[in-house]
Amino acid sequence: MLEQILCIDDDPITLMLCKKVIAKSEFSKEVITAQNGEEALHHFNNLKYTNNNKAKTSKKPELIFLDLNMPVMGGWEFLDHFTSPDYTEFNNANVIVLSSTIDPDDLAKAKKYPIIIDFLSKPITQPMLEYLKKKINV
Amino acid sequence: MVKLTIFEVMKSKTLQITLIYVILSLIMALVCHSLLTAYFSKPEYLYLFLLKDILFISCTGLIFKRILSKNENKNITIFEKLKDTNEEIKESNEKYDIVAKATSDTIWDWKIQEDSINWNKGIETIFGYNQLEVGKTSKWWFDKIHPEDSIRMSIKLYSFIEQKTEKWQDQYRFKCADGTYKYVLDRGFLLKDDNGRAIRMIGAIQDITKQKEEEQRLKLLETVITQSKDSILITEANSASLKIPKIVYVNPAFSQMSGYLSNEIIGKSPNIFKGPKSDSEELKKLLKAIKNEEECLIETITYTKNKEEYWVRFSMIPIFNAEGAITHWISIQRDITDEKKLEIEKEHLIRELTQNNKDLKQFSYITSHNLRAPLSNLIGLLNLIEDIPIENEELEEILAGFNKSTHLLNETINDLVKVIIIKDNPSMQKEEVSLQEVFENVFSQLSFQIELHKPIIKLKFDRVPLLTTNKAYIESILLNLLTNSIKYKSENRKLKISITAEQIDNKAVLTFKDNGIGIDLERNRDKIFGLYQRFHNYPDSKGLGLYLVKSQVETMGGTIIIDSEVNKGTTFTITFKN
């Protein structure tokens with residue numbers, strides 16, 4: 001079981017669904033959420049700040065479920081920031097794109113980011129998580 | 001002394017004759033003297049007589065010789081003169097023969113007063129008349145002249161004979177033995193008597209049919225240039241200081257196009273058509289081609305005399321002589337302003353359409369995304385409910401209906417997404433696909449239905465084991481057709497499906513035949529492959545399958561046709577390039 005994962009999606013129902021399914025499959029102990037890329041980056045910035053000031057380091061997400069179409073900051077923009085040197089201490093986490101998109105350009109683009117280990121279609125399901133468990137050896 | 005004289009005698013006949021005369025006279029004198037001395041006895045006189053005779057004979061002999069030799073000299077000079085004249089005549093005759101032979105001209109000799117005319121061999125070799133056919137009078141000659149030419153010709157000829165004109169030469173058509181006419185050039189001169197009266201005329205007829213024909217051919221060819229709607233101009237071979245060479249000719253179409261008259265433009269360089277909007281890159285290309293003596297085609301904006309701009313397609317073609325040296329350039333120009341306008345409009349339209357298409361595509365992606373996102377939530381939530389026990393029966397029923405509808409909606413949306421993706425993917429990947437393998441995949445996906453209905457399926461692919469196509473599409477096509485066959489089978493008979501593949505020329509023909517309930521083509525032919533067209537009221541029929549099949553077949557460059565009869569069965573024939 002993973003310690004912590006981050007779900008980034010603007011749809012609260014999707015987030016609720018993620019939390020419930022993840023809990024059910026015992027995929028991760030903790031699920032934190034962000035409503036868009038910017039909020040997620042904000043979270044990482046906070047982590048960075050607190051880690052620098054306190055002796056005890058907080059948990060960091062081991063896996064990120066990322067939606068693509070979001071207001072304020074979408075998935076691609078988030079990834080561009082997240083893979084920059086500013087987030088070196090966090091970006092060893094794997095990213096899974098979880099989207100409803102059918103745009104072939106999105107699929108092609110996903111292949112260009114080594115950090116993206118999979119591109120899955122919504123909704124999140126228990127068999128999907130079982131498959132991911134095998135893939136990342138949890 | 002005597003010996004020497006004899007030698008001289010041998011040389012000249014005159015001397016010889018004189019000598020014989022002298023000797024014979026001397027012998028006579030001696031014989032007479034001997035006889036006289038025999039019969040008369042006074043020898044002293046006799047000697048005197050003898051001496052006198054000898055003297056007389058010698059004297060007459062000398063005179064005789066002189067006369068003779070004088071005469072002979074005269075004869076010799078006459079003879080020499082005659083010989084010279086003879087030789088001259090001979091030479092002149094030979095020359096005439098050579099000329100007559102060498103010339104292809106037909107020579108005629110007309111004695112005007114007697115009206116007798118003589119023709120040389122040319123009349124036979126060139127015009128085909130044998131000697132018997134050739135008339136002896138000038139009438140025969142005039143009769144052979146083309147009626148349209150004869151009046152003009154005879155007027156000119158007689159005015160020459162009457163010495164009103166200096167020279168005579170004329171072109172007319174002369175009839176041949178076979179009835180055809182040859183164009184001839186006839187030139188002649190007059191021989192006059194002491195009174196200056198024309199007595200004889202000698203002429204030479206030259207066959208100029210070939211030249212005339214060539215002239216007419218050239219005239220015809222020239223009309224191509226003069227009548228052409230394309231502008232044609234000819235320039236000199238070389239130019240000074242990096243310019244297009246000077247113009248030596250322009251055709252009327254050029255004047256029409258550019259506004260420059262022939263005399264205004266000849267001697268100038270086509271550089272003057274250059275203007276502010278001319279494409280300097282294209283002009284550089286042209287100058288380079290001129291430098292390299294190569295053919296060249298450019299398109300540029302150029303200017304008329306009134307400085308109006310127009311688009312021109314401009315070619316320069318070098319003309320080389322037999323030695324391979326460049327002699328001229330020919331330039332063909334066409335006003336392509338309208339063409340260019342259309343081209344620009346077309347480009348604009350294509351750009352607009354492409355943009356529209358792109359926008360629509362993006363719109364369909366966003367729409368589908370926005371539909372799929374909440375739908376996926378619904379499905380996710382329903383998945384969660386599955387694990388929660390529900391006691392209320394009514395709620396369970398409601399949830400079951402809710403579940404079914406949600407999944408149906410999801411399927412529909414997924415099918416639509418498929419359509420969008422097929423339409424978006426005209427250059428999909430093709431690979432060598434084994435039809436056997438494709439069917440194995442399809443059958444395994446339909447194993448449940450096949451197990452349930454146990455149709456008799458006949459496959460015959462040995463003719464086309466491999467097909468170059470998109471694997472996913474061909475699988476989807478066959479899956480849809482097979483599903484349809486099972487879905488719309490007849491309840492009265494066992495389902496039989498026969499699928500064959502054949503190679504015809506470079507095409508693979510796939511025939512898919514069943515004995516199902518069929519479709520009424522009379523009523524539905526136009527709608528059969530339409531989107532959301534349903535022909536039977538079956539609960540799980542969405543009217544999408546055949547639409548997808550057709551889209552996929554056409555995306556791969558194939559065609560599909562249907563043949564169906566109600567209650568007999570349906571046959572689909574799919575043709576691919578293979």
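Hi everyone, let's start at one residue: A:Asp67 is buried, because 26 other C-beta atoms lie within 10 Å. By buried I mean that 20 or more other C-beta atoms lie within 10 Å of a residue's own; 12 or fewer is exposed, in between is partly exposed, and the C-beta atoms are placed from the backbone.

Before going on, a word on the source. This is a predicted model, where local features need pLDDT of at least 70 and side-chain atom pairs count only at pLDDT 80 or more, while totals for chains, interfaces and linings use all residues. Residues are numbered from 1 along each chain as its sequence is written, and chains are lettered from A and ligands numbered from 1 in the order in which they are written.

UniProt, in an unreviewed entry, lists A:Asp67 under "modified residue: 4-aspartylphosphate". UniProt positions are in the numbering used here, feature names are shortened, and such annotations may be inferred rather than shown by experiment. Where does A:Asp67 sit in chain A? It is in the loop between strand S3 (63–66) and helix H3 (75–82). Helices (H or I, at least four residues) and strands (E, at least two) are DSSP runs, numbered from the N terminus. Leaving out residues up to four places away in sequence, A:Asp67 touches A:Ile8, A:Asp9, A:Asp10, A:Gly75, A:Leu98 and A:Ser99. Touching, or contact, means that the C-beta atoms of two residues, placed from the backbone, lie within 7 Å.

Now chain A as a whole. It has 5 helices and 5 strands, and along the sequence they follow the pattern β-α-β-α-β-α-β-α-β-α. Of its 138 residues, 34% are buried. Among contacts in chain A with a separation of 6 or more, 72% are between residues 24 or more positions apart.

Chain B, with 578 residues, has 18% of them buried. Its secondary structure comes to 17 helices and 17 strands. For contacts in chain B between residues at least 6 apart in sequence, 54% join residues at least 24 apart.

How do the two chains meet? Chain A gives 16 residues to the contact and chain B gives 16 residues. On the chain A side, helix H1 (residues 12–25) supplies the largest share, 5 residues. That side divides into 7 nonpolar, 5 polar and 4 charged residues. The classes are simple: Ala, Val, Leu, Ile, Met, Phe, Trp, Tyr, Cys and Pro count as nonpolar, Asp, Glu, Lys and Arg as charged, and the others, Gly among them, as polar.

A:Ser100 has contacts in both chains: A:Ser121, A:Lys122, B:His369, B:Arg372, B:Ala373 and B:Ser376, again not counting residues up to four places away in sequence. This serine lies in the loop between strand S4 (94–99) and helix H4 (104–110) of chain A. Is A:Ser100 buried or exposed? It counts as buried, because it has 24 C-beta neighbours inside 10 Å. Its C-alpha atom is 5.6 Å from that of A:Lys122, 22 residues away along the chain.

Let me finish with helix packing in chain B. Helix H15 (residues 471–487) and helix H17 (residues 545–555) have axes that come within 9 Å and cross at roughly 150°. So H15(B) is roughly antiparallel to H17(B). Under 35 degrees counts as roughly parallel, over 145 as roughly antiparallel, 65 to 115 as roughly perpendicular, and the rest as oblique. The residues in that contact divide into 6 nonpolar, 7 polar and no charged. H17(B) is mostly covered, with 8 of its 11 residues buried, including B:Leu546, B:Tyr547 and B:Lys550. After H17(B) comes B:Gly557, with a positive phi near 80°.

H15(B) has another partner, helix H13 (residues 435–445) of chain B: their axes come within 9 Å and cross at roughly 50°. H13(B) is therefore oblique to H15(B). In H13(B), B:Val438, B:Phe439, B:Asn441, B:Val442 and B:Gln445 meet B:Ile474, B:Glu475, B:Leu478, B:Leu479 and B:Leu482 in H15(B). By class, that contact has 7 nonpolar, 2 polar and 1 charged residues.

How values were computed: Axes fitted to C-alpha atoms, helices over the stretch in contact; angles between N-to-C directions.
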